[in-house]
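Subject: Structure handover

Hi,

Here is the structure I promised to pass on. Please open it next to this email and follow along.

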Amino acid sequence: MGTDIRTDDRALSMELIEQFSADFGSVPANRIAMNAVTKSGVNAVATDRAAGIDMQFAFSEEIATGPVTNQKQSGRCWLFAGLNTIRSDIAKRNNMEPFELSQSYQMFWDKFEKANYFLERIFDTIEEDTDSRIVQWLLQSPLQDGGQWDMFVNLVEKHGVVPQSVMPETFHSSKSYLMNRLLTKKLRKYASDSRRAFRSGTTIEDLREQKLTWMGEFYRLLCTFLGEPPSSFDFEYRDKDGEFHRHTDLSPLDFFQKFFGDDLRSYVSIINAPTADKPFGKTYTVKYLGNVEGGRNVFYLNVDIETVKQVALAQIKAGEPVWFGCDVGQMSDSEAGIMDTDLFDYEGALNTTFAMTKAERLDYGESLMTHAMVFTGANVVGERVNRWKVENSWGKDRGKDGFFVMSDAWFNDYMYQVVVHRKYLPAELDAALNQDPVLLNPWDPMGSLAMMR
């Protein structure tokens, strides 16, 4: 039997493919581009040398911080960024040398709380078909490392914080893939058992009783992977003047309140999502996006990009770092620590166009928030910033001692969220926070979690 080559308008005929090949071979520049890219990779070919030179690591406004942290092979960037925003303040208030807060402590409680949150959502949707979009969304990734600012606040408000020396890193806090895979397997089994029991007549009340046993098992598994979190500890240190301090029998909440003390709920998430379905000046939340049951919901105020810059810069000038979320994989060199829209000329190297607006990138899945970091400086020329200083959590061997530099043009295109104290908001935006938020679907781009490794 011969091969049936379709020739209707929907199929690609062999004659057409032959024409594509002839067209490719007729342009000498195509072969040059092919040879260069296949040998060296497209980034090497497309790198704009001048753009890299222009992105200096010098800033007119800078905040002193401790050494850069390292999340290693985990997606805890949002936790690292959250702890990095408060550790510098703790050190400043208490005349301390910079030190690290325990990221594995936060990771433990995040996974414990996410497990309970997931099971409650399974109970919420227990009458839905298993193949419904919402159930499949819940089952897709119930226990990933990622998170959001409000989820960080939930953890701190309920469980406090501890110095890293009290709960240090473990193998699986720094290399989380297999732990997450096994814990996710367990949660999916709990979900399956719940739905099967419900179909057999078990009530939600009885399932919640069963959930307590499951959560006890889950606590044991987390302790095996991450160690058991302390309920109390002693904290001793010498301040910058050499004076010795000892604090005994502190709970993690005691430590947070004593050494930091501010209400984290005074900090709000300001986003820039210029899509038609999200008018500026309105507030938003996301269905089923959270970690602590009964905790604070994710809450955003959507504004134009210039307002995002204005409030971020105001907080930096006041000496306070700024937690932010962005799409770090776009137009960036993670080794050099440069984030700039001019860094790679892909269109020139490949003789094509990729231009989309920020709104189009969000609507069509080309971009969303993937990573959380901290602004610790800005270079102001006149009244405008041309470069932003970024504290990352990928260790000191990336960028300049672990710090990155972001161009203002990159900020425009790939910045999605900053967290600032509401005192830095213009009065009309502060008032806008009192609106009831619009409820977004879980799969909305603004429902993405910062989890870049």
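Below is what I found, element by element. Keep in mind that this is a predicted model.

**Helix α6**

Start with α6, residues 103-124. The helix has 22 residues. From first C-alpha to last, α6 reaches 31 Å, close to the 32 Å expected at 1.5 Å a residue. The helix is mostly covered, with 21 of its 22 residues buried.

Next, go to β7, residues 322-326. Five of its five residues are buried. Both faces of the strand are covered. Val322, Phe324 and Cys326 sit on one side. Trp323 and Gly325 sit on the other. In a regular strand, side chains alternate between the two faces of the sheet.

β7 pairs with β10 (residues 371-381) through five bridges, and the two run antiparallel. It also pairs with β13 (residues 415-421), again antiparallel, through four bridges. In β10, Cys326 stands opposite His371. In β13, its bridge partner is Met415.

**Cores**

Which residues have the most contacts inside the largest nonpolar core? They are Trp78, Ile86, Phe152, Phe235, Phe255 and Leu264, in a core of 81 residues. A second, separate core has 46 residues, including Phe59, Leu313, Trp394 and Met406. As a general point, nonpolar side chains in soluble globular proteins tend to be buried together.

Residues up to four places away in sequence are not counted here. Beyond those, Phe255 touches Phe99, Leu101, Val161, Val162, Pro163, Phe233, Phe235, Leu250 and Phe260. Its relative accessible area is 0%, so Phe255 is buried.

**Aromatic pairs**

The structure holds 24 aromatic pairs. Here are two of them, with geometry.

Take Phe108 and Tyr219 to begin with. Their ring centres are 5.4 Å apart. The planes meet at 80°, over the 60° cut-off, so the pair is edge-to-face. This pair links distant parts of the chain, 111 residues apart. Phe108 is in α6, and Tyr219 is in helix α11 (residues 204-226). Tyr219 is at 24%, so it is partly exposed.

Now Phe233 and Phe255. The ring centres are 5.8 Å apart and the planes stand at 55°, so this pair is tilted. Phe233 lies in strand β2 (residues 233-238) and Phe255 in helix α12 (residues 252-259), 22 residues apart. Phe233 is buried, with a relative accessible area of 6%.

Phe233 and Phe255 also belong to a cluster linked by ring pairs. That cluster takes in Phe99, Phe233, Phe235, Tyr237, Phe255 and Phe259.

**Charges over rings**

Two cases to look at. Arg133 lies over the face of Trp443, at 4.0 Å from the ring centre. Lys287 lies over the face of Tyr288, at 5.1 Å from the ring centre.

**Leu253**

Leu253 is in helix α12. What is Leu253 in contact with, leaving aside neighbours within four places in sequence? The list is Val156, Glu157, Lys158, His159 and Gly160. For a sense of span, compare Thr353. Leu253 and Thr353 are 100 residues apart along the chain, and their C-alpha atoms are separated by 53 Å.

**Positive phi**

Most residues other than glycine have a negative phi. Two residues to check against that follow.

Lys72 has a positive phi, near 55°. It is found in the loop between β1 (61-62) and α5 (77-93).

Asp249 is not a glycine either, and its phi is positive at about 55°. Asp249 is found in strand β3 (residues 244-250). With a relative accessible area of 57%, Asp249 is exposed.

That is the handover. Write back with any questions.

Best wishes

Definitions and conventions. Residues are numbered from 1 along each chain as its sequence is written. This is a predicted model: local features need pLDDT of at least 70, side-chain atom pairs count only at pLDDT 80 or more; totals for chains, interfaces and linings use all residues. Side-chain values use heavy atoms; hydrogens and water are left out. The expected span of a helix is 1.5 Å times one less than its number of residues. Buried means under 20% relative accessible area, exposed over 50%, partly exposed in between (1.4 Å probe, protein chains only). Two strands pair if DSSP finds at least two bridges between them. A nonpolar core is a set of buried Ala, Val, Leu, Ile, Met, Phe, Trp, Tyr and Cys residues joined through side-chain atoms within 4.5 Å. Contact means heavy atoms within 4.5 Å. Rings of Phe, Tyr and Trp (its six-membered ring) pair if their centres lie within 6.5 Å; planes under 30 degrees apart count as stacked, over 60 as edge-to-face and the rest as tilted. A charge sits over a ring if NZ of Lys or CZ of Arg is within 6 Å of the ring centre and within 35 degrees of the ring normal.
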